[in-house]
Amino acid sequence: MANNRWHISHIFICIIALALGSGSAIGAQMITGARMPGFAEAFDLAPSQQAKDYSVEEIAVSAGSTTGVDVLLPGEHVSFTFRFKNQTSQFIRATGVMQLISYRTQVPAGEVWAPHVSKIANECSTPFQLSLPPSGTDDIVIEPRVPERFGGYVLVADVAGEGRSFAAALARSLTPDKGRVQFPTYALDATWPQFMNENVLALFEKLGVKAMRLPASYAPESAPEYPALQRNLDLYMGWAKRHDVSVMLTLDNGSMTTQPLGRPRPWLSSEGKMLKSKSDEAWMPQYDPDFQNWVERLATRYGWPNGNLNAVELWNEPWESTSISGWGADISRYREIYTSMAQGVEAARRKAGVQVLIGGTCSSSNARDKLFADGSDKFLKWLDFVSVHYQPLAADAAEEPAWRNRKSPYGPVRVWDTESWIANSEDRFPAVIASMRAQGQSRTAGIYAGNVYDSHNLTVDGKPVAIVQAWAPAAAVAATQKFIGQRDFHQLLFPDGLPWVFAFDGLPSAEKAKEDGTLVVLGDLKALYDPNRTVFRSVRIAPDAHLVLHDPALRLRAFDSNGNALPPSDGALTIPLNGTGYFLRGDGRRGSFAALLSAVKSAEIHGIEPVEIVAHDMTSPLQIGSSLRLTLTNVLNRPIEARVSVHFTNLSVSIASQQVHLAANEKRDVIFSLSPASLSPQNVYSLEASVDAGTQGTAALHEELHVNQIAYRTITVDGDLKDWTGVLPQILPGTGIGVNLTEEAWLPYKDFTQGTGSNLATTYLAYDDHYFYFAAKIADTTPDAGMVRFAKRDDDSYFYPGQVQAPDGVALTWPQGVRHYSYRRHFDTPSGTGEHDNVQIAFNVLANKPLLPNPPGVMPHFVTYWDTDYEFALNTVAPAFGGGTEIWRLQSPGIPRKHFFPRQPRSPVDGGPVDGQLVTRYENGTRIVEAAIPWSEMPEVYARIQRGETIKFTCRVSDNKGPAHELATGRSVSTTNSFTFHDDWKTHWSNELEFSAERKKPTQKQ
C-alpha cells in the first residue's frame, strides 16, 4: 500500500504539472532556452567554448523596486549577484567579463514550436576578478548598463582561459497599466509546481499580465491528499491577488479515495488487462454532492470581487476516450460532474454574491459533443464561456447564434482561448493576439510560458531563493498588453483587402477614449498560420513589402512588436509588411486617431500583388460551348486598371483577354466564353490565368479545373461501374491530407505516422428522380476489414467491465451500483476517424446556415465556417459485425453538430443509418465504392437541381494505411475548413466546388 500511495502521489504531481504548463503540446514539441536553434551560435556557447571547470548561477537580482525578477521597466537599473562555483580541486584565479548581448527570437514561417535565436549586438562588458578555492564559490555583483531599447538580453560570463557560461536572461519592457481586471483579455500560464513561486506572479505584474489559469484538484476533506492540495491552492491564490492577477481554475481530480478500483484506469487489452496508456480519473458519482460543496467553498472563498477567481472550468482537455490530463469517462459522466460544478458556483453566487463564470470543455467541438448533442439548451445557462485550444483561425464558437445571443446576467457565451501556443517569439506575438481577438475571442493565450520566462527555486546558504528570468518575448507580451490590452476589437480596416490592419477601440476609461485606439498592422497572415486556412492565401507578399504613412504634422506613432518607436523620415512612417505585427497609434492630441485611420486608408502600399484570382470549374459540357468564371479581388486600397488573360495548356480554344477596372478592395466576377471543344478523357484542364495591372503589379494562377456536371441516369448499384460509361470523371488531387496542428496539440502522445498509400481516386456523380448516385474507383493495396455496424453498436462494450486485471496481475472488481463509465478502448464513430477505408460525401445547398458566416468586424471565411448541409459516410461493415455495408447520415438540417460517440445523447433530429444502397469491393489493388442515396434524405439538394440551380459538392476518401484525399484539396475556391466533414479536428477543404445537373431528356425514362 505504501508503494502504491507514493505512485499515486507521483501521478498527481504530473497531472498538476500538465494542467499548469503543458495541457497539450509539450516535451519534444516545445523548444525553449538553450535548446532553441541558434542559441549557441548567437552567444558563442558552442560545446568547445563552454566552461567546464566552473559554473555560474544567478542568486539575486534587483531591478527598480522589485527583486527576484529579471525585468526592467523604462529608466530602471539592475544589479545581479552571481555565484561562481569551482568544479575542480584546483584554485582558479582569473579575470573575466560579463557580456551583455541583445538578441531576438523568430519562429520561421511554417514552424510553431521552435524560436530561432539571433544576436543583435554585444552591448557592453563588465569586468570582474574571480577567485575560486578548490570546489569553492565566489559571489560577484554585476551592474550592467542595459540599453533603454525594449527587448531581450542575456548575460554570458567569459573567464580568461576557462571558457564561457550562460548566466542570465533578462528583458526591458514598457511600463504596465496598474490594477486588477475582472475579465482580462490575455492570460499567461503559471509554471510547473516545482518551479512555482511568488516571483512568477511579480513578473506577470511587471509585464502587465492580468490573468492566468491554475489547476484545482478535488479531494474530499477526509482524503489524505486534501490538506496539501488546499494549502498550495491557498498559497497560489494569495500570490495572484497580491499581484493583481485574475485566475481561472481548471478543476480536476486530486484523490484516489474517490476512484473506482482505487486507482486511475487506463485502456484495457482485449483480455481485460490494464495497458500503458493515459488513464481516466473521473471520480465516482457518490462524490458529486461533496464536489459541489467544494466548488461552492472555492467560489465563496476566492470569488470576485473579494478575491481574484473569475471562472472555473471542468478538466483540462477532456477529450473523448483519452486525454493528456486524466479524463477518459463517458459523456454522461462529464455532464453529471459539470452540473455539480455549475450548481456549486450558483450557490456561491446566491449566498456570497460572487461573480464567477462557469464554462470550459477546451474546444467548441467538445462543447457541442458533451453539452448540446441532445439538441436542447439545458446547459446554455451554465456556459458562460467556452474555452478553446489550438483552433487556429477556427474559433467558430463566436459564430454560434444561440451562444452570441444568450440572455444571462453574465452576457453572451464568451470565447476564451486558454491554450493555443502558436506565437512563440516576439515578432509573432502582437499579430497573433490581434488576429485571435478578431476571431471573437475575448481572452487569449498565444504563447508558451516557457518562451516568456524561466523560474528557478534555489537554496542559497540554506535559505530559499526564487529567481525568475525573462526571455525576449516578454517585451512583446508587455507591449501587446500596453497597446491592445482590454481594448475591444472593432474591425479589419480593409474589409476585403491587404495588408491586415486590426483596429481596436480606445479604452472607455481612458482620459481621451477616442484618441486611445490602436491599430495592429500585419503584412502576411500566412507567416503565422497554415496558409491554406487564410483568406488571400494566393496573394504573394514581396520580402521588402512596406506601407508608407504620410504624417506631415507628426501626429502618428509606430512601434515594433516590443514597443520600440519607429522613427519617421521626412514626414512619413514606413512599416514593413511581413509576418511581424506593428502597433500604430495617435499622439493623443484631439483628432490624432482619426488622422491615423485616414492615413492608413490612403497609405502607399508597396510589394503586395494587386489581385487575388479565384478560378471556378466549368459547369456545362465543353462540346456544346461553356464558360469560365474568375473571381478577382483588388486587395489594394486604390483602383486599378488591368488586363486579364486566360488559356488552357491542354485545350485548343481561343479566349480573348479582357480589360477590367477594379475599385479599391472591389470583388468582381469576370466571365470568359469558351467555344465548343473536345473533352479530355480525364476531365482535367490546366488553366493559366494572369492579371497585368501595369505599374500596380501582376498576379497569376495555375490550377487544374474540371467540368462539373452530374449526369442524369439510373445506376444499378452492384459494384460494376459499366453503368457509368460516359459520365464525367472527377479525379481527386493527389495531395494527401496529413495531421494538422490541432490534432498534434490535442493528442501529443499519439503516433500520427501514416503510410504513403497512393489513394489516387476517380469519382463519378449521377442522379435520377429517386436517387443521388455516387461511385469511386480508388487505388488501394491495403484492404480494410471494415467497421462496426453503427446502427447496432454495443456502446457498453467500449467501457470497463465488471472485473479487470491490474498490470501486476491482481484482479480488480468494479464497485457494485456504480455505472461503468471509464473507457476501456478508443471509440469507433461513423466518420471512420481516419483509421478505416471509407468515403464521405457532402453537399452545400442552403443559404441559411446554423452558424453566422463570420464574427463581427471581419470578412466571411476569415474564420472557419459552416459549409456542409448534408453529409454521409459510406462504410464497409466488418464480418465480425455482420458484414455488408452501411450508409450513415452524419449531417442534415436540424442535427446538432456531433460525432456519434458511444453513449452520446440522442437528439430529436439525429444522424443514423440511411435506407439507401451501397456496395464496396476490392479487386487487384483497387477499391470500388458505389452508392445510391434517396432524395428523401436530402430534399433541398434535389429541389435546387429541379430548379436548374447549381449545388456545391465534395467528397473525402480515407485509407486505413495512408492519408485521406479530398476533391477540393488545394483549389483556389476553397480553404481548409473544419466543418466540411467530420471529424471537426481533422483537416478538410471547404465545400465550394459548384456542380450543375444534366437535365432529364424527354426520351429518358426511369
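**A close look at serine 279**

Tutor: Let's begin with serine 279, which touches Pro264, Arg265, Pro266, Gly326 and Trp327, leaving aside residues up to four places away in sequence. Keep in mind that you're looking at a predicted model. Serine 279 sits in strand S13, which covers residues 274-280. Is it buried or exposed? Its relative accessible area is 17%, and since buried means under 20%, serine 279 counts as buried.

Now for a pair of helices. The axes of helix H5 (residues 288-302) and helix H6 (residues 331-352) come within 8 Å and cross at roughly 40°. That angle makes H5 oblique to H6, and the crossing is right-handed. On the H5 side, the residues that meet H6 include Phe291, Val295 and Ala299; on the H6 side, Ile337, Met341 and Val345 are among them. Sort the residues of this contact by type and you get nine nonpolar, five polar and five charged.

Strand S29 (residues 626-634) is joined to S32 by eight bridges. To see one spot where they face each other, find threonine 633, which stands opposite lysine 667 in S32.

Last stop: strand S42, residues 870-876. How many of its residues are buried? Seven of its seven. Tyr870, Phe872, Leu874 and Thr876 point one way from S42, while Glu871, Ala873 and Asn875 point the other way. S42 also has partners. It pairs with strand S41 (residues 838-844) in the antiparallel sense over six bridges, and leucine 874 is the bridge partner of valine 839. Strand S43 (residues 885-891) pairs with S42 in the antiparallel sense too, over six bridges; there, look for asparagine 875, whose bridge partner in S43 is glutamate 886.

So what holds such strands together? Strands of a sheet pair through backbone hydrogen bonds, either parallel or antiparallel.

Technical notes: Residues are numbered from 1 along each chain as its sequence is written. This is a predicted model: local features need pLDDT of at least 70, side-chain atom pairs count only at pLDDT 80 or more; totals for chains, interfaces and linings use all residues. Side-chain values use heavy atoms; hydrogens and water are left out. Two strands pair if DSSP finds at least two bridges between them. Helices (H or I, at least four residues) and strands (E, at least two) are DSSP runs, numbered from the N terminus. Axes are lines fitted to C-alpha atoms, for helices over the stretch in contact, and angles run from 0 to 180 degrees between N-to-C directions. Angles under 35 degrees count as roughly parallel, over 145 as roughly antiparallel, 65 to 115 as roughly perpendicular and the rest as oblique. A crossing is left-handed if the near helix is turned anticlockwise from the far one by less than a right angle, and right-handed if clockwise. Contact means heavy atoms within 4.5 Å. Ala, Val, Leu, Ile, Met, Phe, Trp, Tyr, Cys and Pro count as nonpolar, Asp, Glu, Lys and Arg as charged, and the others, Gly among them, as polar. Buried means under 20% relative accessible area, exposed over 50%, partly exposed in between (1.4 Å probe, protein chains only).
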